[in-house]
Amino acid sequence: MPTRSRLHVPAPPARPGQPPDFSYLKLSAAGAIGRPEISASWRELGDQASGLVRVLDDKHRAVGPWNPRLDAQELQVGLRHMLLTRLFDDRSVRMQRQGKLSFYMKSTGEEAVSVAAGMALQPGDMLFPAYRNQGLQVVRGQPLVGLMCQLLSNTRDMCKGRQLPVMYHSAQANLFSISGNLATQFPQAVGWAMAAAIKGEDHIAATWTGEGSTAEADFHHALLFASVYRAPVILNVVNNQWAISTFQGTAGGEQSSFAARGPAYGLPGLRVDGNDFLAVYAATRWAADRARTGGGATVIELVTYRAAAHSTSDDPARYRPRDEYQLWPLGDPVERLKQHLIALGEWSEERHQALSEELDAHVAASWKEALSYGTMNDGPRLDRDLMFEDVFKEIPEHLRRQRELLRAEFAAQG
Amino acid sequence: MNMIQALNSAMDVSMGRDPTVVVLGQDVGYFGGVFRCTDGLQRKYGEHRVIDTPIAEGGIIAAAIGMGVNGLRPVAEVQFADYVYPGYDQIVSELARLRYRSAGEFFAPVTVRMPCGGGIRGGQTHSQSPEVLFAHVCGLKVAMPSNPFDAKGLLIAAIEDDDPVILFEPKRIYNGPFDGDANKPAVPWNSHPKGEVPTEHYTVPFGRAEIVRSGSAVTIIAYGTMLHVVEAAAASMGLDAEIIDVRSLVPLDVDTLCNSVCRTGRCLIAHEATRFAGFGAELAATVMENCFWNLEAPIQRVAGWDTPYPHAFEWEYFPGQARVALALKAVMEPR
């Protein structure tokens, strides 16, 4: 027993050059965690917030009470969306390395978190994504060319050149504008859901944030308001272990799970294998059905691993072992769903290869088209006058004057 | 040294001299900071003095206040000035006023460092210059260096100051001076006299502006990145400008600024932040009050436009040499 207080500073189990060690990760066998009724009170819930909800077992079978029993065609659609997301990410980073875009953030290894959840929700449900949820854009059918034009800040950029790459939005597809600030959209999603309840509509809201961002006060505001008003919202914490160099222990994951934040506020918490497409789908459906039937909000922790760098500005080899992802105990979401489909006799290596080639060709062709609308450095550019629009609904006089001054500045330069 | 090394040296020197100095913030410890400003400090001083924190600016500032009250001298890093707002309540309502509300019985000698400004393709969430939001708050000292020498001296002065200090670090000039022309090759600090930074302890006092260039035709007042832009613009116009680096926004060196304007009779003020109610408005009012009878022309301000910092229009937004030149023409030939 220590005889006086000593500052405890959490440390990740392995640093560069050391062997990866995931012994800190509490795992449950597939099928081991019970699935409560959607009407259950959070008090009646058992170990869902501390165990790990899993459906796919080591032999690639779907087992246990959380098996969503999706048909083969739905599973194939899920695989297609995840693969497309991955190939889109891969080529986007290549474009960044070629200087075509200023910045990019991959979601490699986390595709199931977005794709399975997106598929489990209804088109009228409002999504408040974070910046690593590109799978939601894919599920909602956003054309790749449109996403790429945003990445390029070009003449067809939905943001009119105002946002960093990956900060997409689509009002028509119910995809809220992504913020570069962390966790800010978490309580906003709760407000959206409160409005749906006030108006008596059935649509729900869903939002995502990283485990690192749960440290922000906005996360706690969200849980409190969601609990107080029983708002129909799903609050997803994507625990990908790393927030730039900050490992999940520094965000508070060492003492307790992120799912367990839910019960502290009187909300159910589900800790889910985020690389298990079926588990993510089933948990999202459970929370969505509960919210839609007046049961209020659920906190879902999706346990996954950020396989790539935080962004193209980051070098994770400085702070974590290079091979950590290879030893990640929950495997790869694309590979696991693929093996499941093969085990069902509904897929094959050949079909997978063919799909991969088809999607990659689609991504390549989309990039070619998007580049034809300009990049930051070449080709057609957005009209610079646009920068003065949308600060307010109507352009006020002082901004009109500044627009004239900018024109004069360019006229003076010739 | 470049500005990153100079800031690192300031913290290193301060931690070496004073065991109560601690550093805290996101990614500052093992990783050494996303801009490397705290590189090596945790290895040297341990994880109890260089503390990796959760991503919670409100928590970082509030914890720093508590540490400060309990005898430490915390240096808190906010990763980007654009992300300080969750900590704004703690800075404005608590840190700035603690001494006042407790009639001097409590105070927290906290330094908050944050990279600011554009020019790195950071878009609206990695480019802001919110200095005036802090300069307007009573009880905070606010500074923005334009070079490595001042950065180190101001940071050591901040750490040793018993009042809270907000130190803005223009990230575009972390690695070298920048005259506003992004097409020119980058210039390193080691080719600039202010890149010569002593390794030992020294301070640059708050409340003291620096006349960077003496001249008689016009006084140009600037700080941070803009200092280099106005120097280049005045030089290319062949103007005998007196150029003053404000350095310390609060307290402000009114005498140095106003003595100069009274001599030259003309004044141009430049900052990267948006124009409306920007710090330039305070500077212009101060100059007008003190130099009205000596002014030959209306005071001119050069600033960022009153829009968020747009990713695709970085250089259209940034107050570059062309904007400075037009304003200089207006102040030299007012009619």
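Mentor: Ala117(A) is buried, because 30 other C-beta atoms lie within 10 Å; a residue counts as buried if 20 or more other C-beta atoms lie within 10 Å of its own, as exposed if 12 or fewer do, and as partly exposed in between, with C-beta atoms placed from the backbone. This is a predicted model, in which local features need pLDDT of at least 70 and side-chain atom pairs count only at pLDDT 80 or more, while totals for chains, interfaces and linings use all residues. Residues are numbered from 1 along each chain as its sequence is written, and chains are lettered from A and ligands numbered from 1 in the order in which they are written.

Ala117(A) belongs to helix 2 (residues 111-120) of chain A; helices (H or I, at least four residues) and strands (E, at least two) are DSSP runs, numbered from the N terminus. Neighbours within four places in sequence aside, Ala117(A) contacts Ala206(A), Asn236(A), Val280(A) and Thr284(A), where contact requires C-beta atoms, placed from the backbone, within 7 Å. By contrast, Gly266(A) is 149 residues from Ala117(A) in sequence and 23 Å away in space, C-alpha to C-alpha.

Not counting residues up to four places away in sequence, Val280(A) touches Ala112(A), Val113(A), Ala116(A), Ala117(A), Val272(A), Gly274(A) and Leu302(A). Val280(A) is also, with Val233(A), Ile220(B) and Val230(B), among the residues that touch the most other members of the largest nonpolar core, which has 225 residues. Such a core is a set of buried Ala, Val, Leu, Ile, Met, Phe, Trp, Tyr and Cys residues joined through C-beta atoms within 7 Å. Helix 8 (residues 277-292) of chain A supplies the largest share of this core, 11 residues. In soluble globular proteins, nonpolar side chains tend to be buried together.

Turning to the two chains, 40 residues of chain A are in contact with 34 residues of chain B. On the side of chain A that touches chain B, helix 11 (residues 397-413) of chain A gives the most, with 8 residues. That side has 20 nonpolar, 15 polar and 5 charged residues; Ala, Val, Leu, Ile, Met, Phe, Trp, Tyr, Cys and Pro count as nonpolar, Asp, Glu, Lys and Arg as charged, and the others, Gly among them, as polar.

As for confidence, the model scores ipTM 0.88 and pTM 0.94.
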